Amino acid sequence: MISHHFSRFINRHHQPQHPDFTTLVRRLCDAVDAGSSCLDLSSQSEHPAETWREILACDRDGSAVASPGGSAPLILTEDNRLYLQRYYQHEQHIVRAVNQRIRTTTGDLAPSILQRIEDLFETTEGNDQAHAALRALKHSFTIISGGPGTGKTTTVLKILLLLKESLIFTHPSECLLLAPTGKAADRLRQSILTGMKALKINDPEFPTETSTIHRALGYLQGSIEFKHDAQNPLQAKVVIVDETSMTDLTLMSRLMEALPAETRVILLGDKNQLASVQVGTVLGDLMEVAESPGHSLSECAVTLNRSYRTQGPISAACSAIRDGNADNAWQEIMHSETDVAGALIHHTLPDHPAAALTPFVQQHWLPVLKNNTMTDEEKLQAIDRFRILCPTHNGRYGIKAINTAVDHILSRHGIDTSSTWYPGRSVIVQTNDYALNIFNGDTGLVGQSDDSTYVSFPSNEEPRNISPALLPEVHTAWALTIHRTQGSEYDHILLIIPPCSESPILSRELLYTGLSRAKQSATLWCTEQSFSDTVNSTVQRASGLPQMLRGKAQNHVTNPH
């Protein structure tokens, strides 16, 4: 990864005089590769922090490391956090943007708006969704965190309605609805359209178009820069970001930097889910500060606690996992009835997964693939009601082995899987293709008409059929990594939890994210030991965002407008 190349750069250009200088730089780069934005010197046991500071000053001309505000490749803060320059700058951009907005409020809301909130949410007393709407109307920066089924999208839909009625924006072009991935952006659009029907919103000027953050910023092919930045900002009065937990530090920094100071920002997400696969834990960091007594950010954040899904064993187990209570979560699994809504079904982890997979394939997928009367759209929907979730790509319980096993089962039951593009193959896109309007994470189904083969993807009207030759890279999608399923929901899942020794990335956040994808039932393959070890293992990423935000004096400034 970057550690080897950056260490060589430091050695060549700055010639450190102490061997532990290079050791520390490598550790910083390894930490960044693992998702941290910085390295805490006090966590390095060989020397006290003050000695590490002296070692970092031992380069040829003292130009390798600078204090905040300097232009060296490494930044060392007063509280002993060592950064690569760019990640320090990214955290600073976010801190400035957040501080700028949380100091500004719109003052008291008009009685008519308060009454409208009461009407939309039935009651404001003890209603977290209503509180979220109040805060989004009063503040220029709002965070709404909540687990699956807590109504985040419904809440933000009503907030959009209130903002438009309050003339915060008047035209859909003034409102950006964003998500970190194309799949998440499409889900956001579908949720908004469904919600509009439920609320009977018939306004043709209501915002419904969604976009990835990259696309909104103006991704430039072959460049790390974007069309929109501080010098060429986005023209938006309201920006909503869904699935914020998946948004990495760099992307959030670029977005905040490209927004005018007066733009209202609303972040949606689940603070307990997996963080981005890239650097940073932005949503978790912001919520950590928001939950600190006395900080102004606490006035801008709401956690939605009530689930509107059927309350059952899945919901109870997810709550116990979230709280780190492995024993309670395991008891929910062991005592769950199998014929109730939200059922949990436990099976011991099989030594030979292929044989144990056969009943799932026979129940959920074979009838669909053998049905010649179903349309492509119906098949896409039917296949997507069940997925196999794995922590990793490789190993005997990784998605590569599981997908291969499913293909063999299908073959033994009369489905010809000998060709790459066999009819009925479920696939997932690996990279964005803006020309085709196909995005990383989109799932499709291989079909055949006469002599032509195509891949069918769901769309708002009817499925779109695209030739395999035109598609970016795709993989088989009977089994998906838990990371890939973030933001998705399935009626039924098979969640495979191997021993931690075979999958060191297992964590509480991974398990919570995987299990909370299920709506009706979840089957778990695991041992009690691997389950308990997973719940008790949390993702540890170093970040300076909380400290930076707490280090600022927060004083409200009322905006008379």
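How many residues of domain 1 are in contact with domain 2, and how many of domain 2 with domain 1? It's four residues on each side: four from domain 1 and four from domain 2. Keep in mind that this is a predicted model. Here's a quick tour of the domain layout, that interface and one annotated stretch.

**Domain layout**
- The chain splits into three domains: domain 1 runs over 1-79, domain 2 over 92-308 and domain 3 over 313-536.
- Going by C-alpha atoms, the centres of domain 1 and domain 2 sit 36 Å apart.

- Together the two domains bury about 230 Å², and 69% of that is on carbon and sulfur atoms.
- On the domain 1 side, Val 32, Gly 35 and Ser 37 give up the most area to domain 2, together making up 92% of what that side buries.
- Polar contacts do turn up, with one residue pair counted between domain 1 and domain 2, both residues at pLDDT 80 or more.
- The side of domain 1 that touches domain 2 is made of one nonpolar and three polar residues, with no charged ones.

**The annotated stretch**
- An unreviewed UniProt entry labels residues 477-524 as "domain: UvrD-like helicase C-terminal".
- In the model, residues 477-524 are 17% helix and 35% strand.

How values were computed:
Residues are numbered from 1 along each chain as its sequence is written. This is a predicted model: local features need pLDDT of at least 70, side-chain atom pairs count only at pLDDT 80 or more; totals for chains, interfaces and linings use all residues. Side-chain values use heavy atoms; hydrogens and water are left out. Domain bounds come from an automatic or database domain assignment. Contact means heavy atoms within 4.5 Å. Buried area is the accessible area (1.4 Å probe) that two parts lose on being put together, summed over both. A polar contact is a pair of N or O atoms within 3.5 Å; within protein, one must be able to donate a hydrogen and the other to accept it, and residues adjacent in sequence count only if both atoms are side-chain atoms. Ala, Val, Leu, Ile, Met, Phe, Trp, Tyr, Cys and Pro count as nonpolar, Asp, Glu, Lys and Arg as charged, and the others, Gly among them, as polar. UniProt positions are given in the numbering used here, feature names are shortened, and annotations may be inferred rather than shown by experiment. Helices (H or I, at least four residues) and strands (E, at least two) are DSSP runs, numbered from the N terminus.
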